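Grab a pencil and work through these exercises one at a time. Try each task yourself before you read its solution.

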Amino acid sequence: MLLIPCPYCGMERPEIEFRHGGEAHVVRPPDPSAVTDEAWTDYLYFRSNPKGVYAERWRHVSGCGRFFNVVRDTVSDRILASYRAGEPRPAAPVEARR
Amino acid sequence: MSQAFRVPGGVALDRARPISFTFDGVAYAGYEGDTLASALLANGVRIVGRSYKYHRPRGIVSAGPEEPNALVGVARGPGRFTPNLRATEVELTDGLVATSQNRWPSLRFDIGAISDLLAPLFGAGFYYKTFMGPNWLGPNWAWKRVYEPVVRRAAGLGTAPTAPDPDRYARYFDHCDVLVVGAGAAGLAAARAAADSGADVVLCDEAAAPGGSLLAETRATIEGRPARDWLAETLQALGAAANVRILTRTQAFGCYAQNFVGLSERLPEPALIADPTLPRERLWQMRAREVVLAAGAIERPLVFADNDRPGILLAESARRYLNLYGVKVGERVVVVTAHDSAYRAALDLASAGVAVALIADLRDEASGPLPQAARAAGIEVAVKASVHAIRGRGRIEAVRLAAHPGGMRTLACDALLMSGGWTPSVHLFSQARGKLAFDAGLEAFRPGPPVARQRSAGACNATFGLQEALAEGDAAGRAAAEAAGRSPPDPRAIPVEGAPPAAGGTLGAPLHVLGDRHARAFVDFQNDVCVKDVELAIQEGYRSIEHVKRYTTTGMATDQGKLSNMNALAIAAAVRRTSIPEVGLTTFRPPYMPVTFGAFAGPARDDLFDPARRTPIHAWAAERGAAFEDVGQWKRAWYFPRRGEGMRAAVAREGRTVRAGVGLFDASTLGKIEVVGRDAALFLERMYANAFKKLEVGRCRYGLMLTETGYLMDDGVIGRLAPDRFHVTTTTGGAARVLAQMEDYLQTEFTDLEVWLTSTTEQWATIAVQGPRARDTIAPFVEGLDLSNAAFPHMSVRDGKACGVPARVMRVSFSGELGYEINVGSAYGLDVWKALFAEAEKHGGCAYGTETMHVLRAEKGYVIVGQETDGTVTLADLGLDWAIGKAKADFVGKRSLRLAEPAREGRKQLVGLLTEDPTVVLEEGAQVTATATPPTGSSALGHITSSYPSATLGRSIALALVAGGRARVGEKLFASTAAGAVAAIVTAPCFFDPDGKRLHG
Ligand SMILES: [Zn+2]
């Protein structure tokens, strides 16, 4: 079970308080009617699924209820960054504070 | 037999406390401190089980948790039976009742042993190849009727208990600065160093007594004291420290992300007897800042023909039986080894008066200090040894071996001590994603750089010398304390004397065993896998060790290959003429040791297994004898049978009553969300397919929520309470999902909107009053609103009062009748229900349950999300696309409706089906086809989604999804039943009051 730092609560909490929300920074096209079928299905179905550093959404569902983003190494499960929804992905993730 | 193999000594025993126990019904004696294994050995019991596949007699091989053979069932009274326990770990208690496993009818005479003679049939992949046919009586006929019942009887380990377990199991979440796994020399040194820093330390060990190899140590001194005195002093100091907890009988079985470690602790029987309120086991979910792994190493067996005969056991285990339990494993032993450590066992056994006939060393040379000591003690040592045959079946009688000097000879013996060297226990390190590195010099996998905040120390790190292990433990403890933010103590010199270095080891099988098709040289004792099985697997093309493992089943028994994996790997490498790292290593997965279901379940059983949600009206329904059904976690009243009524009669009566008069239905489980804020209407416009901006205050709309992929996700009535306030209802099962989807878009996509979402599901009790007399039923209780058709038409909502308490009244219907849903605060729900029910009875009304609700809505063709839909059904498929707000530029799911699949012609559409025989009720889920006997391999046109006997219509009705269904109205199709295809006519999906006149009554 991961320990996940919630940027809204300002503390690490156990994974059972959270729900995973898939890959982060997948932006819904602002005008879906203007995009091609290919671009739309890309948005719907295609995810990067990397082995390594990955930005993902979590929701602190049994805590503050907020969605936020985490940068995690999928190999080591190390969490490298945790930041609020809408903030840019940190350029060079640093080891999250404990 | 009275403990004929008991000798003086045995530091674990309390000889003042004799104990009696039974094994397979025979009474034996032992002492407090014994394990079941040591007591059986003391009593000369040699056969303790039959092997899994060949039913060969098996004896005790080890003295620890790695034991593959001595699996027993232990009964402790009614309901208290645990199968598959390792006798080496079962602490002897007075009156213990143990039974052997996998034998029939008895251990000594086992009919299944005939399979030993048939062994040539039982090679690798035997199950895959053998039980394939004949199938002329149907698919898999032979397997199901002939082979499986026989195999089930012959194989299988242990018997599952049948009575409920009366014991309690506890579960703890806990934290510490430093968790030390293993209380042997390295672990104790680590714990002491970490404790000296003031860190919060937990030290756990799987054994009843901490100490690891120090317990059996007779020769070494540590810090000037005999090793066992040092052990006692160190434990005393740690026990007295307020910042240290020592958990014995506690297995670290799994190491998960970020030092989340699973510990399973079993409580000793005497403590449980003294205090029956104690749990039988405790599951610790320990989050450690830092972990020190000091898990030790496991001695490897040697691979030679008939190496499984009772009396053949690991050398260090024989030493432990002697030094801990005062048990000699034989009168006259032969030691066969590739490692110096077995000489220690030989020396201790010789000192205890056991005749050591020969130490046969597989190596070319045996010149270290321990072999020298053995020679000096007068024990014959020979090198370049190879074992060629074992005589004796139920117990070893002699060994035929070749060695130098002496050549080929046969030595009589009643025990053979073997050692192939030591395998570091890297399981937890590997589970924590640490990469293992193969050390060619040591011929062992050892921990590489850790991924988690962990350090390995001692034998699990391939540091085998006592002094080196203590130093490494001390250093690991200090480093862990420092990493946990403490100031560590200075390094401590821990001098050791009398522990000469021990080296050596071998892996795999010798050349004369490889390629011998007749040798029964076991690699995996518990799964009965021989060298020839591994060879066969590779011959047949299995190259990866993961495939070899699954094909041969080596390493897949309950011991997870603790003894066998390295030998299997080396044999695979030898056969493939490649290196061990080239063959690879199988994955280490938790649990390291079997953990009981009780420990994992903990308190989550019976009523606590899954929380049950009950409505405020539940007790009333229960009192009335309602049958309940589970809908998610909710208990919902299913139907209300009267005396002598079955379900079908009750549902028919309830349905007729609603259509003719009035019925009350507890709809409290419906999900409810209050959507509030400046942009509430705009938000709902984006979340739902419908338009909401123009919905007037006081009116309702049937809302349909799609997934972003364009398929129906949930539905419910949405009422506008104020320009900026909506009462949203969802399906019972979809409430959490809908709220989560709303929150997701609100927080991450539609961030420009000012909206707040609040779940109010449990704040409201919802009473549906449906039927032509519904208005008459509620009128006496409702204040503050005009119930007339003109003032309060179908699909309206008002806040007012009912029975004097605040009420939100909605005029809605899921039955097709005039209907109201009265929402009151949960605390008032039961009283309001009772008042309404008394009134309804005056009008001939009744309460009805979910089954009648389903029938009534099916008569009207109203869909249920999850019944008519399965995540691949569009609004157009259901004929609900009229509800889409066509003018809206965007809503969740809209763009996807233009994609190829949702827009495809010929999709399945919702239709009604009326069977030609009105008494036949089709089965939900049945296939719908164009002909009664469709050609094999052709697709069905669709399937039945709902099917009921309808009292209103006096016949059966069904809803179905059928390809191009709306164009087929009037066509005859067929639905499959157990008795063959049944003809049915396609109709529109509404069977009753298609114009909806009754709704507006
Ligand atoms: Zn939070």
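Domain bounds here come from an automatic or database domain assignment. This is a predicted model, where local features need pLDDT of at least 70 and side-chain atom pairs count only at pLDDT 80 or more, while totals for chains, interfaces and linings use all residues. Residues are numbered from 1 along each chain as its sequence is written, chains are lettered from A and ligands numbered from 1 in the order in which they are written, and side-chain values use heavy atoms, with hydrogens and water left out.

**Exercise 1.** Find how far apart the C-alpha centres of domain 2 and domain 5 of chain B lie.

*Solution.* Start with the bounds: domain 2 of chain B takes in 169–297 + 424–497, and domain 5 covers 904–1001. Now compare their C-alpha centres, and you get 67 Å.

**Exercise 2.** Work out which protein atoms hold the zinc ion, and with what geometry.

*Solution.* First, list the donors (N, O and S atoms within 2.8 Å of the metal, or 3.2 Å for Na, K and Ca; water is not among the atoms, so sites may look incomplete). They are A:Cys6 (SG), A:Cys9 (SG), A:His60 (ND1) and A:Cys64 (SG), at 2.0 to 2.3 Å from the zinc ion. Next, check the angles: they run from 106 to 116 degrees among the 4 donor atoms, making the site tetrahedral (four donors, all angles between 85 and 135 degrees). Last, read the spacing of the zinc donors along the chain: C-x2-C-x50-H-x3-C.

**Exercise 3.** Is A:His60 buried or exposed?

*Solution.* Recall the cut-offs: buried is under 20% relative accessible area, exposed over 50%, partly exposed in between (1.4 Å probe, protein chains only). A:His60 has 1% relative accessibility, so that residue is buried. A:Cys9, at 29%, is partly exposed.

Terms used: Tetrahedral: all angles 85-135°; square planar, octahedral: opposite > 155°, others 65-115°.
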